[in-house]
Amino acid sequence: MFVMTASAMGARASNTARRASTVLVTLLGLLALTFIIGRVMPLDPVLAVVGPDADSSTYDQVYRAMGLDKPIWTQFGLYLNDLLHGNFGNALLTGHPVLDDIRRVFPATIELATLAILFGVLIGLPLGVCAASNQGRLGDHVARVITLFGYSTPIFWLGMMGLLVFYAWLGWAGGAGRIDLAYDGMVPEVTGLLLIDSSLAGDWEAFASALRHIVLPALILGLNSVAYISRMTRSFMLEQLSQEYIITARVKGLSRRQVVWGHAFRNILVQLLTVVALAYGSLLEGAVLIETVFAWPGFGQYLTSSLMLGDMNAVMGCVLVIGLIFVALNLISDALYKVFDPRTR
Amino acid sequence: MTTAFTKLHAGLLAAILALVPMTQASAKTPADQLIVGMSMVNLFSIDPANAPGLDASGVNANLYDTLVKRDQGNPEQHLPQLAERWTISDDGKQITFHLRQDVKFHSGNPLTAEDVAWSLYRVMKLNFGLATTWKAYGYNVDNIQSLIRASDAHTLVIDLPQTMDPLLLIDSLAISPSAVVIDRKTALAHEKNNDLGANWLVTNEAGSGPFVLSKWTANDSLLLTRFDGYWGGAAKLKRVVVRHMTESQSLRLMLERGDLDLAYGMAAPDIRAIDGSEKIHVQSLPRGTMYYVALSMKQPEFANPKVREAVRNLIDYKGLDEQVMPYYGQLNQQPMQLSLAARLPDPGYRMDVAKAKKLLAEAGYPDGFSTTIRTLSEPPFIDIAARLQATLAEGGIKASIVNGTGNQVYGAMRARNFDIIVARGAERYPHPYFSLRTFAYNPNNSDDAGLPNFQGWRASFFSPQLNSLIDQAGVERDAGQRLNLYHQAQNIYDEQVGPIMMISQMTDTVVSAADVKGFAGDDAEATRYLGVYKQR
């Protein structure tokens, strides 16, 4: 019995070590690739600092100060060394440590992406199930139109139209930004998530303002997730609904609802976890267009501005965070697999 | 517990009720605050020694003061600011400024001549792009402390290191973004590794201007609060709030809804759509920067003056001005800004395909040739380039467009690695001497000279005759003779077919709510909010 436990523990430790090393190698590869791309990109971070009309002596001075005169692998080594000491460097754009910047902009994106994915799941899942259980009938066609709309309509255009109709014409939604300017800086920052911080402060006017501002961009951002999640759900469900155990269940006299939700849907939960996790990850790193239209000071805008400047410290920091997000989401979905699928325990 | 739940319930209810439609579009911004929407992408340093961008100049104009300012845009007439009066020695080699004695920085420290001298020394010591202005006068980090010095707490003495018209230096003190005065004690209190406070001043200020920087979050928002102790009288507005907005249509919608008072950087179609509305005021602020088509004379085709003249005849000046440039710029064909007395009238260049073909044939290119046009991938640059591509094709020149970011385009130009570039730039401050120096001056045409601060060098344009005339104008103290030299230089640039062909002078279109009053541009491209107010 003792030997068995030790062996199991050893296997678990080795599994964890293998997984940790895979994560480390992935992140290192990601950083090396980004670093090289950053250096071969025809962007000149020195010009961003000195301006296009600076003379050569100024340019050379800043070039050296930024360490660009060193060989690329030396630069990468120095960067990694700083990283190991918890120093991500300073961002050109803000002059602040990159980590502070990411800490500042990330909550805005988390708040937006979380609401968007909630919308995606709450609408997308039932829509997909409805489409599959009504294959070829009206429900399926309606779902197809909705998903086609979600997939094919440019999010940028939807954002502008949403602002025009719900903000400018109807006045239902807030305009650009996370909150009305009157409340800007008035909510004590605890989590950086304005809806939560304003609730904690009991400032319900600020909460309402933040809610008015976030609902529209979150719905539009979530529309693409609705399309993706519903199509995947439909596909998984169709596969399950054609299985023999479903026919058996029907023959046994179970209702259609019990068969669809109690049997088929339960069996696709595990696959759906991966789909939702990946969709959430994409929302966290890819909300840049909607952030631009709604002047949302989030992660996507920060990354794009840094890229345009050739600000490699900021870009590398962001890439590392994106890598970590996907690693974390994968780990979480793996852990949840074990909860929902006994065979993986 | 029950009470907490009741409160939560009531709060949520109130929040939901607040979501009920509000459809009125009347002005909602507070009467004593100005809410501004603009892109802050290029605002990443407000350190006066290293803030070359227009946006940073706009912010710093409200945080800092200069010694003098231009009078009605005239680069040869100046008005007192921090300096109450000044005298120029008879030989023109020394200027003495007498400073106001009632000026305090935001910190409460009194502003002294030592602060002024130290601020200029700091620019040279840090040696960022803006130091170029002072290097042109012969200052360097070794001589500036002895040449610009405080003779007492409120007297500043400036010696010119080389023979120059002292009015040029006074004008630079009025308009250069690096000429503002920093609170030395405050900056040095934040010094790290002998950086003269550079790291701190990137995101903080130590000025004496009419507003204090209360908050700045990059690419999010910026908050300026009125400085009640301002020597020139407190501003009318209590706060100026700037929100980072890059999308022109969002700016337009927010202006129309009354959630914004003022917007910078809107796209021409959006401005056109609301221009004429009673609720909106559209204002064009002339800027010194020029839109141009530059040819590299390193390319054998463009080294030939006949080919350059052919290209000049293939630019559709009129079409560009009427169809592409509204809200972006105003027709200008001279290498000198429209407002200047020294500027000659436009030479009247116009598109003439037959003449261009004849010139190309004479130059040995009867069938034209292939080339590339580099430009920025945004309006109006890309539109100018597309039109130029079409009109060049009419003359037989096949041009492909390579577009990119400003960094990529100007980087290629600085490296003298281009054929044709459609860009904007050079001297921001209208001044005949600096305009000519920027576009037509090139003291050394070798690649090794590394003079990218001269656009003439970038385009490999080398004219000893023009160099000499511009040098003479820089030292000439007789106004009539100086004017004559400027006229001669423009005529020669025309005759020699200068490779940097001006097409338009930039205008910045600012759109504001109709109740915003007192907003006006100035020569330093830096509008102060000091006199702005709302008429409600």
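In the predicted model examined here, I500(B) is in contact with Y292(B), A294(B), P335(B), F439(B), Q455(B) and A459(B), when residues up to four places away in sequence are not counted; contact is taken to mean that the C-beta atoms of two residues, placed from the backbone, lie within 7 Å. The residue belongs to strand β17 of chain B, which covers residues 500-513, helices (H or I, at least four residues) and strands (E, at least two) being DSSP runs numbered from the N terminus. I500(B) is buried, because 23 other C-beta atoms lie within 10 Å; a residue counts as buried if 20 or more other C-beta atoms lie within 10 Å of its own, as exposed if 12 or fewer do, and as partly exposed in between, with C-beta atoms placed from the backbone. Between the C-alpha atoms of I500(B) and I88(B), which are 412 residues apart along the chain, the separation is 36 Å. Because the model is predicted, local features need pLDDT of at least 70 and side-chain atom pairs count only at pLDDT 80 or more, whereas totals for chains, interfaces and linings use all residues. Residues are numbered from 1 along each chain as its sequence is written, while chains are lettered from A and ligands numbered from 1 in the order in which they are written.

Y292(B), one of the residues touched by I500(B), is itself in contact with A423(B), I500(B), M501(B), M502(B) and I503(B), leaving aside neighbours within four places in sequence. In the largest nonpolar core, which has 250 residues, Y292(B) is named with L112(A) and V276(A) as touching the most other members; such a core is a set of buried Ala, Val, Leu, Ile, Met, Phe, Trp, Tyr and Cys residues joined through C-beta atoms within 7 Å. The most residues given to this core by a helix, 19, come from α9 of chain A, at residues 204-241. At least three residues of the core are drawn from each of domain 1 (2-84) and domain 2 (104-310 + 320-344) of chain A, the domain bounds coming from an automatic or database domain assignment.

Chain A contains 14 helices and 0 strands, and its C-alpha atoms fill a box of roughly 85 × 70 × 40 Å, taken along the principal axes. Of its 345 residues, 41% count as buried, and among contacts in chain A between residues at least 6 apart in sequence, 71% join residues at least 24 apart. An unreviewed UniProt entry places the feature "transmembrane region" at residues 112-133, 145-170, 210-229, 272-294 and 314-337 of chain A; UniProt positions are given in the numbering used here, feature names are shortened, and annotations may be inferred rather than shown by experiment. Residues 112-133 of chain A are 100% helix and 0% strand, with end C-alpha atoms 32 Å apart, and residues 314-337 of chain A are likewise 100% helix and 0% strand, with end C-alpha atoms 34 Å apart.

The contact between the chains takes 51 residues from chain B and 49 residues from chain A. On the side of chain B that touches chain A, at least two residues are supplied by each of α1 (2-18), α4 (131-135), β10 (239-244), α9 (248-257) and α16 (406-414), and the largest share, 6 residues, comes from α9(B). By class, this side of chain B has 21 nonpolar, 21 polar and 9 charged residues, where Ala, Val, Leu, Ile, Met, Phe, Trp, Tyr, Cys and Pro count as nonpolar, Asp, Glu, Lys and Arg as charged, and the others, Gly among them, as polar. In α16(B), 9 of the 9 residues are buried, so this helix is largely enclosed by the rest of the structure. The buried residues of α16(B) pack against α2 (45-50) of chain A together with β14, β15 (398-404), β16 (420-425) and α18 (455-458) of chain B. After α16(B) comes R416(B), with a positive phi near 55°.

Further backbone features occur in loops of chain B. N193(B), which is not a glycine, has a positive phi of about 50° and lies in the loop between α7 (184-189) and α8 (198-201); N193(B) is exposed, because 6 other C-beta atoms lie within 10 Å. Y327(B), also not a glycine, has a positive phi of about 75° and lies in the loop between α13 (317-324) and β13 (329-331), but Y327(B) is buried, with 20 other C-beta atoms within 10 Å. A cis peptide bond, with omega about 0°, joins P379(B) and P380(B), and P380(B) lies in the loop between β14 (370-376) and α15 (381-394).
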